[in-house]
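Q: Before going through the features, I would like to see the sequence and the model. Please show them.

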Amino acid sequence: MSHRTWIGWMLAIALACCVMPSMAQEPVTTLLHPLFQDHAVLQRDQPIPVWGNAAPGTTVSVTLAGRTVTTRADASGRWQARLTPLAAGGPYVLSVRAGKGSQVVQDVQMGDVWLCSGQSNMELPVWRALDAGSEIASATHPTIRLFTVPKAVATVPQQQFGAPVGWHPASPETVREFSAACFYFARELQKTVTVPMGLIQAAWGGSRIEAWTSADALRAQGGMDPALDVLALYARDPAAANARWGMQWQHWWATREGAVADDRPWQPGKDGRGWQTAPAMLGAWERWGVPALSTYNGMVWYRTQVTLTAAQAAQGARLALGSIDETGMTWVNGVAVGSQYGPGEARSYVLPTGVLTAGANTVVINVLDTYGDGGLAGPSDAHAVAFDDGTRIVLDAPWQYRVAPGAQAPPSAPWHAATGLSTLYNAMIAPLGAYGLRGMLWYQGESNTGDGLAYAARLRGLRADWRRQFGAQMPLLVVQLAGYGQPPVAPVDSGWAQVREAQRRVAAEDPRTGLALAIDIGDAYDIHPPNKQELGRRLARVARHVVYGERTLAPSGPTARMASLAEGKVRVVFDGVTGSLVTTGANGPIGFELCDADARRCGYADAVLEGREVVLDCKDCVEPASGRRYRSAALRVRYCWADGPICTLRDSSGAPAGPFELSLNAVEVR
C-alpha cells in the first residue's frame, strides 16, 4: 500500500468514526451475526466468511465493496456466505438482504484480525497497566478496532454471545477497559504493518486452559472422560450430574494422599472428628480470632442442621447459600447437590426429590480458598431452604467447622466457569465461528502451575482445537509466564518453571507458533506485572518473524539450542543472538543449574561466556564409583528454573534469554 493511499483512507476513517455510540447494541434487524457491526475489521487477503440468521429457506444476498454473493438459509434459519478476498483498506459498507428484511453495516475495514485470549494477564485493562493516565489520554487510533467477548459460561457450544457486543475504534473512551497486552501489541505492530488491526478480547481471570478447549479436543487428550461425561449430563439434568459428580469428588477425598479410612465428612453423623463451633456471624475465617486460621489458605468443612416438617420435606425446594470464597462443594443429607467456583458469589441449588426428610437435615459445605479472606459468609439469614410455595427456613442452627490442613486442591466440577472443562470455549470461543483471523495471542498458565507437567499436552490440544475452528495454519503467539515471587536461595521444584518449559517446547516444535518472553518483566509481588507496553513490543516482534516472515529478525532473543558435556565442561549453544551474549549485574551468567537424570538433585553451576555459548563448570559430573562421566540421559541443565528467578543472560540488543531445561547429548567420556 502506498503512503498516499494510507493517508487517504486514514482520513476517511477519521471522518467515519467521529461519532461513537455510547453503548454496544445489537442491531435492530439481526440478519447478521453480532460479530458483523459498524466499525468491524474483516481479515484481508483471504476469503471472507459472513453468516447470520433468516427465515428458513430464504434467499440471502450479501454485498461488500460492490461484490455480491447469494446463498440460502437452511432449515434452522442459519445462512453462511463466502466473499472473495479484499486487500487492506476501507471504509466499506456491508449489506445483507433477505426477503423484505435488510441490514447495513457501516465503516468496515479490511485489515488483520487478532484473537487475544487467556486469563487475568490478558484481561488486565489499560487503566491498570503502566503509565495508564497518559496512555489512555493519547489512545486515539481509529485504525485499531476493539471487540470484547462478554464473559459467559456454557455446557455446550453456543452460536451467540451472552450479552450485547460491538466494535469500537480505539479512543480514550473505549480503550480504558480493553486488554492492555492486546492493545499495545497492535499499536506496536502497526508501526511496521500499516493496515487496520481488529482485536478480539476473550479472556477470564483465573481460568485454566481446559476451560478454553472444546470437549472433543479434551477427550482426545485422554484421562478426562468421566468428568466430560458428567458435563454432558449436566446439560440435560443438573441434579443428576451433581449427584454423580459428588461420587467422583468423594472418591478423590477417600483416595487422596493422607486420606483416613472411613472419613466421610459429608455424611450426617455425630462423630465429632475435629469439628468445632464456628462464630455466629461466620465470614472470612481469617477474622475469627483463631490463630491457626489467621493466615490460612486451604480447605475448611462447614456443617449445620435444619429441622423440617413432613409437609415441608415433601415440597420442591432450593438450597440458598450466601457468598462463598471461593470454591464450594455442598451436600444435603449426604447427597451432593451443587458445586460452584466464584469468589464471593452466592449459591442456589435445586434439591433433588427425596433428599429432604421430616426432622433433622444435615447441610455440609466444603470450602477451598487459596488467596485469603476465605469461607462461608454471613449473616445467618443468607442461608436457607427456599420452598416452592414461597416460604423459607433459615439455617440458623449453630455452624460447625473442621479444618483440612495440607489437603490438595480437589478436582473442579466440570461446569465451573474458569476452572471447568470447555465452559469458556463453549460460551466465548465457539460463538466466534469461522471469523477470519490473522493470528491468535495466548497469555495463560498461572492457573495450571499446580500440574505443570501436563501443560504441554494441554497447550498442543488447544492449538489444534482452535486451528480446526479458525484455520489449519493459524499462527499462535504464546506469552511465556512472567517471573513472580521471591528468588530462591537454592534450586527448587517449580510448577511455574514447568509451565514455562512446556510453553517453550510447544512453540519450538511448530514454525507457526511463537514465544514472547516475559520472565524479566514480571513483578515479585504482583502476579499482574504492569509493564504491558514492553510485552506488546515483544509480541509484535514475534509476530513479525512468525506471521509476516521477517526471518532475519530473531523472534525473541537468545534461544538455547543444545547442551553437551566434554572434559568436565557443559557447553550450552544459543541461537537467535543479536551481536553477542552479555550478562547484567554480574561478571558471568547466574541462574544455571545442573541436575541428575530425574532432576531430584540439582545444584547451581558456575558459568562463563564464550562467544555464543555459555560454559558451565561440571567438576561434579563424574560417577564416584566408576569415574565415568554421565551419559546424555543422566544430566540436565536448567536456566532460571523458579517461580521468580533472577535471569541475567541477554544479547547485545537487550533481549533476554528465556528459561529452559535441556538434556545433555554427550556420550560417555572414558
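A: Start with burial: buried means under 20% relative accessible area, exposed over 50%, and partly exposed in between, with a 1.4 Å probe and protein chains only. At 16% relative accessibility, Cys647 therefore counts as buried. This is a predicted model, in which local features need pLDDT of at least 70 and side-chain atom pairs count only at pLDDT 80 or more, while totals for chains, interfaces and linings use all residues. Residues are numbered from 1 along each chain as its sequence is written, and side-chain values use heavy atoms, with hydrogens and water left out.

Q: Which residue forms a disulfide with Cys647?
A: A disulfide is a pair of cysteine sulfur atoms within 2.5 Å. Cys647 is joined to Cys640, S to S 2.0 Å. Cys640 counts as buried because its relative accessibility is 1%.

Q: How many disulfides does the structure hold?
A: There are three disulfides. One of them pairs Cys116 with Cys182, with the sulfur atoms 2.1 Å apart. The torsion about the S-S bond of Cys116 and Cys182 is about 60°, so this disulfide is right-handed. Helices (H or I, at least four residues) and strands (E, at least two) are DSSP runs, numbered from the N terminus. Cys116 lies in strand 7 (residues 101-118) and Cys182 in helix 4 (residues 180-189), so that the pair links distant parts of the chain, 66 residues apart. Cys116 and Cys182 are both buried.

Q: In which strand is the residue opposite Cys595?
A: Two strands pair if DSSP finds at least two bridges between them. Cys595 stands opposite Cys602, which is in strand 29. Strand 28 (residues 592-595) pairs with strand 29 in the antiparallel sense over three bridges. Within this pairing, Glu593 has Tyr604 of strand 29 as its bridge partner. The hairpin of strand 28 and strand 29 has six residues between the strands, and Ala599 takes a positive phi near 60° there.

Q: What is the strand order in the open sheet?
A: The order of the four strands is 29-28-32-34, with antiparallel pairing. Strand 29 (602-604) and strand 34 (660-663) stand at the edges with a single partner strand each, so one side of each is left without a neighbour in the sheet. Strand 28 also pairs with strand 32 (residues 636-639), antiparallel and over four bridges, and Leu594 stands opposite Val637 in strand 32.

Q: Which residues of strand 28 point one way, and which the other way?
A: Phe592 and Leu594 point one way, Glu593 and Cys595 the other way, and all are buried.

Q: Which residues line the largest cavity?
A: On a 1 Å grid over the protein atoms alone, a cavity is a set of points where a 1.4 Å probe fits but cannot get out, and lining residues have an atom within 4 Å of a point. The lining of the largest cavity consists of Phe36, Leu42, Gln43, Gln46, Pro47, Ile48, Pro49, Tyr435 and Gly436. Strand 1 (41-43) and strand 2 (48-53) are the elements that give two or more residues to this lining.

Technical notes: 1 Å grid on protein atoms, 1.4 Å probe; cavity = no way out; pocket = protein on both sides within 12 Å on 5 of 7 lines; lining within 4 Å.
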